[in-house]
Amino acid sequence: MEMKCPRCVQKIHRAADACPHCGFTLADAEACFAGVGLHLRCLADTAGLLRRGERERVEAAMERFTRRFPQLFVAIFTGTLADAAELRQLGFWLLNRASFEELPPNQPNAAGILITLDAASKTAAMTFGYLLDPFLEETDTFDCLWRAHSRWLEGRYADGMVKAIEQLAIVLRKRSRQARRNPAGFERKLLPPAHGKTPQRHAETAKAITPNPAQPPP
Ligand SMILES: [Zn+2]
């Protein structure tokens, strides 16, 4: 299970304590974001980008997503940050450490997808927990953000957030169909190197994110 280091963007193992390339650790993020509260709503618009009535529309999109994928959740954090590296590190930090108010207590952050949006640079990042590793690639998260980006550039923040969430649902629906057709291909991706998580746990996840058939396609 690989991820990109949120600081230097080189590939590192999920279970690494520190990035072997730049030395980044969770403790660095902790020092950097000591002032950011860790008890958050799933939609934490700390930069105040959403206008009256828009918050409900974004929250409704988040709820639709969770009805389609009952094991997963989407969270959004807006803030004012220094640069894209800080945005990625914040996403990584929050998804590791924050507790999200609306989630049931047994919902792990590893099943979450967090969109962080910087008000100053209008840059966005998407961080996802390791339970999503078999299903999401960087091109997928880029695709979701890219479709939202023109709306964000125009200041249509809610529209962009809804678009990103809807695109994420489309991607996950496609990936879960592929996993059902070719479970072996997905299991190969799940084999853990050295001290990774057990493959059984991930194989269960492969079944677990099968979309809820009662929900209409997005
Ligand atoms: Zn690094």
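In this predicted model, helix α4 is followed by glycine 155, a residue whose phi is positive, near 80 degrees. The helix itself covers residues 138-153, and because its 16 residues, at 1.5 Å a residue, should span 22 Å, the distance of 22 Å between its end C-alpha atoms agrees with expectation.

One set of residues in α4 is buried, namely Asp140, Thr141, Cys144, Leu145, Ala148 and Trp152. These buried residues of α4 pack against strand β8 and against helix α5, the latter comprising residues 157-181.

Strand β8 also belongs to an open sheet of four strands, in which the order is β4-β5-β7-β8 and the pairing is mixed. The edges of this sheet are formed by β4 (43-45) and β8 (123-128), each of which pairs on one side only, and from one strand to the next the twist averages 15 degrees. In general, the strands of a sheet pair through backbone hydrogen bonds, in either a parallel or an antiparallel manner. Within the present sheet, the parallel sense is found between strand β5 (residues 73-79) and strand β7 (residues 112-118), which are joined over seven bridges; phenylalanine 73 stands opposite glycine 112 in β7. A further helix, α2 (residues 54-68), packs on the sheet and touches both β4 and β5, with its direction making about 150 degrees with that of β4.

Notes: Residues numbered from 1 in each chain as written. Predicted model: local features only at pLDDT ≥ 70, side-chain atom pairs only at ≥ 80, totals over all residues. Pairing = 2+ DSSP bridges. Helix = DSSP H or I, 4+ residues; strand = E, 2+ residues; numbered from the N terminus. Axes fitted to C-alpha atoms, helices over the stretch in contact; angles between N-to-C directions. Contact = placed C-beta atoms within 7 Å. Expected span 1.5 Å × (residues − 1). Buried ≥ 20, exposed ≤ 12 C-beta atoms within 10 Å, placed from the backbone.
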